[in-house]
Amino acid sequence: GRVRSGVRRPRIPRLSFQLHGGYYRNITRRPPAAYDYDLQHRTYSWGAGTKYLISPDAYITADYRADFFSSRYNFLKASKTYKTQPGDELVRKRTRNQQVNVKGIFKIGKRNKVSVGVEYLDDMLSSPTENISHKTAYTAAIFAQDEIMISRRFRALAGVRYLYHENFKSYATPNLALMYGHDGLNIRASYAAGFRALSELYASETTKSVDRITIGNLNLKPEKSDYFALNAEYAHSRFTVSGNVFYNSIRDMIDYRTIAKGEAAKQQYGHEEVRQRDNIHKADVRGINLAAQAYLGAGFRLGAGYTHLDTKDDETGRPIDKSLRNAANVNAQWSRTWGGYTMNVYLNGRINSERFSKTYGYAPAYQLWDLNTRHTFSLHSLILEPGVGVENLFDYTDDRPYNFNYATLTPGRSFYVSLSVKFKG
């Protein structure tokens, strides 16, 4: 008889399941001498999913995800505006987002990899303080995409997503890409249509410093865009460099219009100035991204990135609100392992130029640096990862008087500790 030898390949389960959940709570601690209330934020999230493996490169997945967020006022003093007493709580905003997704990826022949799926999203917004009571909207979508192997060096991608929104009805967004790859060089040219459904239909906000209210608009149109990009990347065993040139043409972009001021606004809305969200005709965004990563040896890595943006509101000829022209990041990392212990040190810097606001003018340029350390202990049945670090290492703050376009809202240098626990299977 024959004797068979070799290593038996591990059996991959055809059917798998996953469950996940999370809870987050944050409460501000503000001095009662300066503030009427603290803010409390809570987020609950959970979900479940399953995956059925047809073959190593073909499978079907089904997932459900839910997020519930609430924001409350915890009053420190009596408030005439909200008619509350010290110790009272008042819901500021509630949101609920639920998503169901079923997707399949199939290998058809030697040249086609097809992805198809359906998706359903349900959103809810409630804000008692702004007189918004349980507003809901749903979006249903189907999508299909084909990745085509034209030759060893050329691939193409073509797809389309059709969606139906409860308020905005039907819309389709195609995407196309052509990719070339050889000896570490990858070049990609792509086009994608965009569609953004809006929470601004109902949302409103009040700016007390200038007695201004911004209200929603049920007649808003969704934002739509056409995005073109050309990307090139070269990957070496020691370094990677990439560049991306892009152009995004945005139609019906959301902005603000002043609809009432002075005594007329005061009588009708109870505020000196009233703005309403509205669609502007067109806006353009042009830009370039550059990035590089390098491994220097002995556990040292360096990285850097740069983005330049040229934005224009075609209605006013000015930059898009809240946009900046230049942004950069620099990072350095060192890691070393001694037996079951690994130390990782990470330094990261973010550098931003002036940011435009048509209401407040330009916010100043600034930079923030963080120093993070992570310590990994690999034990018999679990992995412990404590972390210690400093955020805003050089203690930068934008402490100009109230009612300015601030560069950043960071309160200054802060220290943190964290702990991650992972169980081995």
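How many bridges join β3 to strand β4? The two strands run antiparallel and are joined by 16 bridges, with β4 covering residues 89-108. Strands here are DSSP runs of E with at least two residues, numbered from the N terminus, and two strands count as paired if DSSP finds at least two bridges between them. Across this pairing, F69 stands opposite T95 in β4.

The model is predicted, so local features need pLDDT of at least 70 and side-chain atom pairs count only at pLDDT 80 or more, while totals for chains, interfaces and linings use all residues. Residues are numbered from 1 along each chain as its sequence is written, and side-chain values use heavy atoms, with hydrogens and water left out.

On β3 (residues 58-75) there is also an antiparallel pairing with β2 (residues 37-55), over 18 bridges. β2 and β3 form a hairpin with two residues between them, and S55 has A58 in β3 as its bridge partner.

Beyond residues up to four places away in sequence, Y295 touches R238, F300 and R301, where contact means heavy atoms within 4.5 Å. A polar atom of the Y295 side chain lies 3.4 Å from the backbone nitrogen of G299.

A327 is part of strand β18 (residues 326-338). Leaving aside neighbours within four places in sequence, A327 contacts G305, Y306, T307, I351 and N352. Between A327 and T307 the C-alpha to C-alpha distance is 5.2 Å, at a sequence separation of 20 residues.

Technical notes
Helix = DSSP H or I, 4+ residues; strand = E, 2+ residues; numbered from the N terminus. Polar contact = N/O pair within 3.5 Å; in protein donor to acceptor, adjacent residues only side chain to side chain.
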